[in-house]
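Please keep the sequence and the coordinates at hand while reading.

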Amino acid sequence: MYTPIPYNLEIPTLFADKLIAPVIPTNNPLTQEGVALGKRLFFDNILSGDESQSCATCHNPKNAFTDDTKFSDGIDGNFGTRNSMPLFNLAWNFDERFAWDGKEFGLEKQALEPVKNPIEMHSSWVNVAEKLQKHAEYPTLFSQAFGSSKIDSILITKAIAQFERTIISGNSKFDQFIRGETTLTLEEQNGFDVFMDEARGDCFHCHGSNNNPLWTDNAFHNNGLDTNFSDLGLGAVTGDPADNGKFKSPSIRNLAFTAPFMHDGRFVTLEEVINHYSEGLQPSSTIDPLMKKVNQGGVNLSPKDKADLKAFLLTLSDFDFIDNSDFQE
Amino acid sequence: MKKIFWLLFIIFSFSTCEKNEIDCCVNLDTLNVTLKFTHNWDGVPVTASDFNDFKFRTANGESISIEKLRYVLSKIKLVNGNEEFTFSNYNLINIGEEKGLSLNLPEKIFPGSYQLKFTFGFSDSDNKDGVYQDLNSVSFNVPGMLGGGYHYMQFDGKYKDTNNQDAGFNYHAIRAVDRSDPNNLVFEDTSFDVDLGTVSFISSSKIIIKVNIAEWFKNPNKWDLNELNTVLMPNFEAQKLMSANGKNVFSLGDITQ
């Protein structure tokens, strides 16, 4: 019987210093074999009905594991209604609610969904398991990772989740600044001040800070995109009208690679995003109270503060992460 | 001879008791203590199910809904003379997520009378920037430009403004900071100690701590949300008003033994 080797998750110093431990389920500990298998599955088209798409099709490592389109098309050319979410630092989503609307609890469960979704990979788990079972190498890899060569959706999603937990981004310019390894320009520093200033950007309440290097609260907010909702978001999941129009705060790491923005990809540029919070807020019954001066459209940042805020946001771009060979096919 | 016998008997009795006082002299079984925090609006219970609804009215007359309410208490302890028994160095209570509403004393104590005390927020000596991982992980920090450390409370919701329109409020309590001179920030520790009085225990007990949310808007400073609603963190005077009002928020409830 092969015994898998425990995987040593390399946690960035800032994460170790500032955050509680990542979520690793006791029934799916990280192993070298499990992570390697998960990575192979993540990039393998065998998971889709016609073997034309893999997870990486919509979650491209070069785009911080999202894609560059407003909506992604599945194997049949059908488009979804939500922007593909970036994938990194997922093990620090402490409440374990994934997807824009929080409908998936736990990474393993989340990984079950795209394979059988008819507008995504449009396959079935029975079909996928059969193909993997007949594959020349996969049965051995599953046996090494999980002690069983009997392949099913549970083991497949466990492996994918293991790989996803290793996808860590923690070495942007701002991380290096916090570690004392570099300095910010005056514009970047002012942009950070705008971000942290309750009277200007007040971004930190939802998007983390130098003390929360995730740069998200992983919570759900209505950030004033619409007065009337064509997509209820969290409200459709909970059934609570008070949750209508609420979506997960995405991390603001790696924005240089993740356009377009918002759950529906409506903003193509960072300028559009900043303008939204500055002048474009739309009132509604569920808009978050943290959205200020809604009747004036927002906090009306000066052109300089907007430009500097963008400069700061781009300091959270992690090029090492984008180029990390551990995350390439 | 008889006197000597009784003298020896008494000495023997006391010396034995010193060795095994708990077992022989007094029935001093140790006991457990649990704190439970309940919230109300002037006596009407408030739970997460009451959020997101304009069902409360402030002393100043504004109708409000509560959307988020979380606050930290620190140095939560029982005091008996020189002895202190700490429930927790700090505890974040999140009503919406129903977290932190109950605390167990990690050690057993002897029956007797104890003072129940805690601090609302963090005193300056404990309000250290970025050191509490669990609070960082839920983004409870205060920006460095305001001195860093942590929020004492985040209380967000909406009120009906003078035009009966919905408007947001962010009643966020932190250490007060005067930024009149950005190069010379002046801080005032606006955390405050709460002494809920003496509690007598004869057996394991559950203590209710009642939290009247309405008091944040009432006493001694009647709060006008049309004037003070958002961007209160850098408002030195507003922080002092919050601190004053908070001193009437907490009270001792029922004790079940």
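Which residues in α2(A) and α6(A) meet? The model is a predicted one, and in it A:Glu33, A:Gly34 and A:Leu37 of α2(A) meet A:Leu141, A:Phe142, A:Gln144 and A:Ala145 of α6(A).

## Packing of α2 and α6 in chain A

Helix α2 of chain A, residues 32-42, and helix α6 of chain A, residues 138-146, pack with their axes 7 Å apart and at an angle of about 145°. The crossing by which α2(A) passes α6(A) is left-handed. Sorted by class, the contact of α2(A) with α6(A) has 4 nonpolar, 2 polar and 1 charged residues.

A:Gln144, one of the residues of α6(A) in that contact, also has its C-alpha atom 8.4 Å from that of A:Met1, although the two are 143 residues apart along the chain. A:Met1 lies in the segment before α1 (13-18) of chain A, and it is exposed because there are 4 other C-beta atoms within 10 Å, where 12 or fewer is the cut-off for an exposed residue.

## The enclosed helix α7 of chain A

Helix α7 of chain A runs over residues 153-165, and its end C-alpha atoms are 18 Å apart, in agreement with the 18 Å that its 13 residues should span at 1.5 Å a residue. Of these 13 residues, 11 are buried, so α7(A) is largely enclosed by the rest of the structure. The buried residues include A:Leu155, A:Ile156, A:Ala159, A:Ile160 and A:Phe163, and among them are also A:Lys158, A:Glu164 and A:Arg165. The cover over the buried residues of α7(A) includes α2, α3 (55-58), α4 (107-116), α5 (125-134) and α6 of chain A.

## Crossing of α9 and α13 in chain A

The axes of helix α9 (residues 186-196) and helix α13 (residues 303-314), both of chain A, come within 7 Å and cross at roughly 100°. This angle makes α9(A) roughly perpendicular to α13(A), since angles of 65 to 115 degrees are counted in that way. On the side of α9(A) the contact includes A:Glu187, A:Glu188, A:Phe192 and A:Phe195, while on the side of α13(A) it includes A:Asp305, A:Asp308, A:Leu309 and A:Phe312. The residues of this contact divide into 7 nonpolar, 2 polar and 5 charged.

## Chain B and its contact with chain A

The contact between the chains takes 22 residues from chain A and 22 residues from chain B. On the side of chain A, the elements that give two or more residues are α9 and α10 (204-207), and the residues of that side divide into 10 nonpolar, 6 polar and 6 charged.

Chain B itself has 4 helices and 14 strands, and buried residues make up 35% of its 257 residues. Among contacts in chain B with a separation of 6 or more, 69% are between residues 24 or more positions apart.

## Backbone details in the loops

A cis peptide bond with omega of about 0° joins A:Ala259 and A:Pro260, and A:Pro260 lies in the loop between β4 (247-248) and α12 (270-279) of chain A. The bond from B:Asn219 to B:Pro220 is cis, with omega near 5°, and B:Pro220 lies in the loop between β13 (205-212) and α4 (236-246) of chain B.

A:Asn89, although not a glycine, has a positive phi of about 55°; it is found in the loop between α3 and β1 (97-98) of chain A and is buried, with 24 other C-beta atoms within 10 Å. A:Asp202, which is not a glycine, has a positive phi of about 45°, is found in the loop between α9 and α10 of chain A, and counts as buried because it has 23 C-beta neighbours inside 10 Å.

Key
Residues numbered from 1 in each chain as written. Chains lettered and ligands numbered in written order. Predicted model: local features only at pLDDT ≥ 70, side-chain atom pairs only at ≥ 80, totals over all residues. Axes fitted to C-alpha atoms, helices over the stretch in contact; angles between N-to-C directions. Parallel < 35°, antiparallel > 145°, perpendicular 65-115°, else oblique. Contact = placed C-beta atoms within 7 Å. Nonpolar A, V, L, I, M, F, W, Y, C, P; charged D, E, K, R; others polar. Left-handed = near helix turned anticlockwise from the far one by under 90°. Buried ≥ 20, exposed ≤ 12 C-beta atoms within 10 Å, placed from the backbone. Expected span 1.5 Å × (residues − 1).
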